[in-house]
Amino acid sequence: EARMNAVPNFVTEIDDQTVHFVHVRSTEPNATPLLLAHTYPGSFAEFLDMIGPLTDPVAHGGRAEDAFHLVIPSMPGFGFSTPLVGGGWTMARVAQAYDTLMRRLGYESYGTHGSDGGAMISRELAVLDPPGFLGAHVLQLFSFPSGDQSELERFGPKEYAALEFLGWFQSVGGYNQMNGTRPQTIAAALSDSPVGQLAYNELFENFGNGTSLVTEEQVLTQVSLYWLTNTAATAVRFHYSEGHSGAEPVVSQGRMGVAVFAHDFQTIRPLAERDNANIVHWSEFDRGGHYAALEVPDLVVSDLRIFFAG
C-alpha cells in the first residue's frame, strides 16, 4: 500500500468512465512518453518495480536518453477505475480511451507496452496508429492458425514446438472460457470469497507450468487490490465483451516490437507477421514468463529501451 501511494495517483473521466492512472514524469527533459498496460488478473501495481529504472535510468545503469515519462492506467472495471459504466468495454474501446488520456495529459506522441490484456490493448493502439504513435511493445501477439495449410510453409521445428506449447497453454485456459461465456456466474463466487479470489489467482503461478518466478507477496498484492476494491466481478467482463464484439480481424500497420519469454505463450512469428505488417523488433529470453514485469522487470526494461531507441 505504501509503495502504491508513493507514486502520483490520479482519476479522470473518459467516455463517462472513471479512469485511474499513475503518472510519473522523468526529470530528463527529452524523455519518451510511455503508457504501460497491465494484465489480467493483474493491475497497475505490477509495474511498480519498473517505474524507477524507466523514469530515472541514470540511477539504474542506463543512459539519460533511455528515460520515459510513464502513464500507467487501471483498465475500466479494474481496481480504482470503477464503478464500471455499462458494457462493451472491448480492447479497441479501451485503446481509444487510453489515447484520449495521453492527449489529455499533453502528450502529442507516445508508445505503449503490455502483456496479456495489456498486449491486446497495445496492439489495438497500433491498429489505431494515432498521430505521433511511437509503437507498441508487447509480450504476446495472439495469432493462431486459420486452417489454411499454406500458413505452415514457413514453419520449422521452432514454430511447430511453439504450436505444441500453444496447445498446452490453451489447456490451462478454463478461466478464459468461464469469463467469456458466464462472467456473472464466476463473478458472484469471486466477490463472495477471498479464498476463492486467491485460488483464482493461481494463474500467476501456473501459466508457466511450474516455472513462474512470481512471488507469493506479489500474488497477495494483486489479490488484495481486487478484494478491497470489490472489482473481481467487473474485471471478468472484458473477456465477454471482447468475445461478443463482432469485430472483424484487422491487420495492424502500426510499428510493433515483440519480446518472447521462455515460459510464456510462444508467439509464432509467421502468424504474427500475417496479422501485423510492421513488426520491427523481435527478441527472445531464456527466463521469465507471462507476468514478466513481475518476474524479470530488468529484462523488460532493457528491451523497452532498445525498442524505443530504434
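In the predicted model, the protein chain comprises 15 helices and 8 strands. Its radius of gyration is 18 Å, close to the 19 Å that the globule rule gives for 310 residues, so the chain is as compact as a globular protein of that length. The C-alpha trace spans about 50 × 50 × 35 Å along its principal axes. Of the 310 residues, 54% count as buried. Among contacts with a separation of 6 or more, 75% are made by residues 24 or more positions apart.

The 8 strands are arranged as an open sheet in the order S1-S2-S4-S3-S5-S6-S7-S8, and the pairing is mixed. Strand S1 (9-14) and strand S8 (279-289) form the edges, each pairing on one side only. From one strand to the next, the twist averages 25 degrees. In general, strands of a sheet pair through backbone hydrogen bonds, in either a parallel or an antiparallel manner. Strands S1 and S2 (residues 17-24) run antiparallel and are joined by 6 bridges. Within this pairing, Phe 10 has Phe 21 of S2 as its bridge partner.

Two helices that lie across the sheet may be described next. Helix H3 (residues 91-104) lies across S1, S2, strand S3 (32-37), strand S4 (68-73) and strand S5 (110-114), and runs at about 115 degrees to S1. Helix H4 (residues 117-128) lies across S3, S5, strand S6 (133-138) and strand S7 (256-263), with an angle of about 150 degrees to S5.

The side chain of His 281 makes a polar contact with that of Asp 303, at 3.0 Å. Leaving aside residues up to four places away in sequence, His 281 touches His 137, Met 256, Gly 257, Val 258, Asp 303, Ile 306 and Phe 307.

Helix H7 (residues 183-192) has Pro 183, Ile 186, Ala 187 and Leu 190 as buried residues. Seen down the axis of H7, these residues fall within an arc of 110 degrees, and they therefore line one face of the helix. An α-helix has 3.6 residues a turn, so residues three or four places apart point the same way. The elements that cover the buried residues of H7 include helix H6 (174-181), helix H8 (194-200), helix H10 (216-229), helix H11 (232-235) and helix H12 (237-243).

Several loops contain particular backbone geometry. Most residues other than glycine have a negative phi, and most peptide bonds are trans. A cis peptide bond, with omega of about 5 degrees, joins Tyr 40 and Pro 41; Pro 41 lies in the loop between S3 and helix H2 (48-55). Another cis peptide bond links Thr 82 to Pro 83, with omega of about 0 degrees, and Pro 83 is situated in the loop between S4 and H3.

Asp 116 belongs to the loop between S5 and H4 and counts as buried, its relative accessibility being 9%. Asn 230, placed in the loop between H10 and H11, is exposed, with a relative accessible area of 52%.

Technical notes: Residues are numbered from 1 along each chain as its sequence is written. This is a predicted model: local features need pLDDT of at least 70, side-chain atom pairs count only at pLDDT 80 or more; totals for chains, interfaces and linings use all residues. Side-chain values use heavy atoms; hydrogens and water are left out. Buried means under 20% relative accessible area, exposed over 50%, partly exposed in between (1.4 Å probe, protein chains only). Helices (H or I, at least four residues) and strands (E, at least two) are DSSP runs, numbered from the N terminus. The arc is that of the directions from the helix axis to the C-beta atoms. Contact means heavy atoms within 4.5 Å. Two strands pair if DSSP finds at least two bridges between them. Axes are lines fitted to C-alpha atoms, for helices over the stretch in contact, and angles run from 0 to 180 degrees between N-to-C directions. A polar contact is a pair of N or O atoms within 3.5 Å; within protein, one must be able to donate a hydrogen and the other to accept it, and residues adjacent in sequence count only if both atoms are side-chain atoms. The radius of gyration is taken over C-alpha atoms; the globule rule is 2.2 Å times the number of residues to the power 0.38.
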